[in-house]
Amino acid sequence: MKAVITDEMRRQAKIESNKRVNHIRHHFNVSHLSYSERDEIGFLGEFACCDLLGIDWRKNIRENYYTIDSYDIIVKNLKADIKTDTVPLQYTRRIIDKSINNNEKYCSRLIHKGQFNLLSKYDIVIFGIFIREQLDYWYPIGYLETETIIRDYPPTYKRPDGGTYPFPGSPIPTSILKPFENLL
């Protein structure tokens, strides 16, 4: 399962990113994306997730970004936050089919410590990815209840593959995510 990213989605993601730029605090940097590209990817993930769930993503766009939102979407009466990241092509298939080992690089979906305290506002977090080298499709990886994340996956510097993160984050094992199809 995947969502096709349309030109309309790309244009709107740029517009929304520009509207939000003065009202957002970025928690971390990545060398492969600028701040605006990261914002656009976040919006594209939201739009694509809505599209797969049969929600009109255009009607889900906020009027302004003066404050932090209470949720990204409501699905099955659950307030959901949508997290999207990019991964290198070589890891993508094993992440999508959840065959990646729990001690490998890219085996977890990461929530920055700065976002961890916001989790209590949501019922679930939906995780999706883009292939870093081609942003044409958004792949839903799964979801998990925020109660489980808060209880079982506190922020840490330790990566499951033995390395360290440059900031504390909550590494959520891809293997434990519930199927996105349950939300359809």
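Buried means under 20% relative accessible area, exposed means over 50%, and partly exposed lies in between. Arg10, with a relative accessible area of 27%, is therefore partly exposed. The legends below use these classes for a predicted model.

**View 1. The largest nonpolar core.** This core has 25 residues. Those with the most contacts inside it are Cys49, Ile73, Val75, Ile126, Trp138 and Leu183. Two helices, α1 (7-20) and α2 (35-53), each supply at least two of its residues. So do the strands β2 (73-75), β3 (78-87), β5 (124-131) and β6 (134-145). Helix α2 gives the largest share, 8 residues.

**View 2. Contacts around Cys49.** Neighbours within four places in sequence are left aside here. Cys49 then touches Ile73, Ile82, Ile126, Trp138 and Phe180. Of these partners, Ile73, Ile126 and Trp138 are also listed with Cys49 among the core residues with the most contacts.

**View 3. The salt bridge of Glu8 and Arg58.** The whole structure holds 10 salt bridges. In this one, the side chains of Glu8 and Arg58 meet at 2.8 Å, N to O. Glu8 sits in helix α1, and Arg58 in the loop between α2 and β2. The two residues are 50 residues apart, so the pair links distant parts of the chain. Glu8 is partly exposed at 34% relative accessibility. Arg58 is partly exposed too, at 43%. Asp56 joins Glu8 and Arg58 in a network of salt bridges.

**View 4. The salt bridge of Arg10 and Asp136.** These side chains meet at 3.0 Å, N to O. Arg10 belongs to helix α1 and Asp136 to strand β6, so the bridge ties together parts 126 residues apart in sequence. Arg10 has a relative accessible area of 27% and is partly exposed. Asp136, at 36%, is also partly exposed.

**View 5. The salt bridge of Glu40 and Lys14.** Side chains of opposite charge can pair when their charged atoms come close. Here the closest N and O atoms of Glu40 and Lys14 are 3.4 Å apart. Glu40 lies in helix α2 and Lys14 in helix α1, so the pair ties together parts 26 residues apart in sequence.

**View 6. The aromatic pair of Tyr137 and Tyr139.** The structure contains 6 aromatic pairs. A pair of aromatic rings is described by the distance of the centres and the angle of the planes. For Tyr137 and Tyr139, the centres are 6.5 Å apart and the planes stand at 55°. This pair is tilted. Tyr137 is partly exposed, with a relative accessible area of 30%. Tyr139 is buried, at 9%.

**View 7. Lys2 over the ring of Tyr137.** The charged end of Lys2 sits over this ring. It lies 4.0 Å from the ring centre. Tyr137 also pairs with Tyr139.

**View 8. An aromatic cluster.** Ring pairs join Phe43, Phe47 and Trp57 into a cluster.

Key:
Residues are numbered from 1 along each chain as its sequence is written. This is a predicted model: local features need pLDDT of at least 70, side-chain atom pairs count only at pLDDT 80 or more; totals for chains, interfaces and linings use all residues. Side-chain values use heavy atoms; hydrogens and water are left out. A nonpolar core is a set of buried Ala, Val, Leu, Ile, Met, Phe, Trp, Tyr and Cys residues joined through side-chain atoms within 4.5 Å. Buried means under 20% relative accessible area, exposed over 50%, partly exposed in between (1.4 Å probe, protein chains only). Helices (H or I, at least four residues) and strands (E, at least two) are DSSP runs, numbered from the N terminus. Contact means heavy atoms within 4.5 Å. A salt bridge is a side-chain nitrogen of Lys or Arg within 4 Å of a carboxyl oxygen of Asp or Glu. Rings of Phe, Tyr and Trp (its six-membered ring) pair if their centres lie within 6.5 Å; planes under 30 degrees apart count as stacked, over 60 as edge-to-face and the rest as tilted. A charge sits over a ring if NZ of Lys or CZ of Arg is within 6 Å of the ring centre and within 35 degrees of the ring normal.
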